[in-house]
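Visitor: I'd like to go through this model helix by helix. Could you show it to me?

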Amino acid sequence: MEIPTISLKSIVLVHWLLTIWACLISWLPTSYVLGNMGALAVGVWAIAQRDSIDAALMFLIGLAVTILTDIVHFALYYAAAEIQYKGVAPALFRFSGGLAITSLMFKPVSCLYIYQIYRVRGGEYNVNFGFPCITRNRDSYQSIDHPDQSGTSASSNTQA
């Protein structure tokens, strides 16, 4: 089953709009805003460089990290903010909190679409972060058991 293609611009626009609406009142900390806007800034970079594999991968990683940080933010701040805004603006808090949760629910789906964009741009299943790894492939090694024939003939010519 093939996943339909969705524009990267629409993904960034939807998440930007949901993040802005989630921050209508200040119940979330600054780290929520900076984390989500930072990930969306990398998304703008991925839009600007259409052939960059790195931009798509960084946007995918950024969105995946914000999934985890959003869960932590909601767990720490939602109950206290609900009590704080109960008498002042309960409808606005419910709207803001609901859209923050909606944004969190859309992020895994967006990650699937961004991963598809990453694959279309030429990304591989195995992600290489540049760390050295140990392999059993010894094709690139030169054997030292048998000395090179050209090296011995050159040394015998210089002795004569």
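Visitor: What does helix H1 reach from its first C-alpha to its last?
Guide: This is a predicted model, where local features need pLDDT of at least 70, side-chain atom pairs count only at pLDDT 80 or more, and totals for chains, interfaces and linings use all residues. Residues are numbered from 1 along each chain as its sequence is written, and side-chain values use heavy atoms, leaving out hydrogens and water. Helices are DSSP runs (H or I, at least four residues), numbered from the N terminus, and the expected span is 1.5 Å times one less than the number of residues. H1 covers residues 8-22, 15 residues with 21 Å expected, and its reach is close to that: 21 Å.

Visitor: Why do the buried residues of H1 line one face?
Guide: Buried means under 20% relative accessible area (1.4 Å probe, protein chains only), and in H1 that includes Leu 8, Ile 11, His 15 and Ala 22. An α-helix has 3.6 residues a turn, so residues three or four places apart point the same way. Going by directions from the helix axis to the C-beta atoms, the buried residues of H1 line one face because they fall within an arc of 135°.

Visitor: Which helices do those buried residues pack against?
Guide: Count a contact when heavy atoms are within 4.5 Å. By that test, the partners are H2 (30-48), H3 (53-84) and H4.

Visitor: Where is the kink in H4?
Guide: The bend is the angle between axes fitted to the seven residues ending at a residue and the seven starting there. In H4 a kink of about 35° comes shortly before the proline Pro 108, at Lys 107.

How values were computed. Helix = DSSP H or I, 4+ residues; strand = E, 2+ residues; numbered from the N terminus. Buried < 20%, exposed > 50% of the residue type's maximum accessible area, 1.4 Å probe, protein only.
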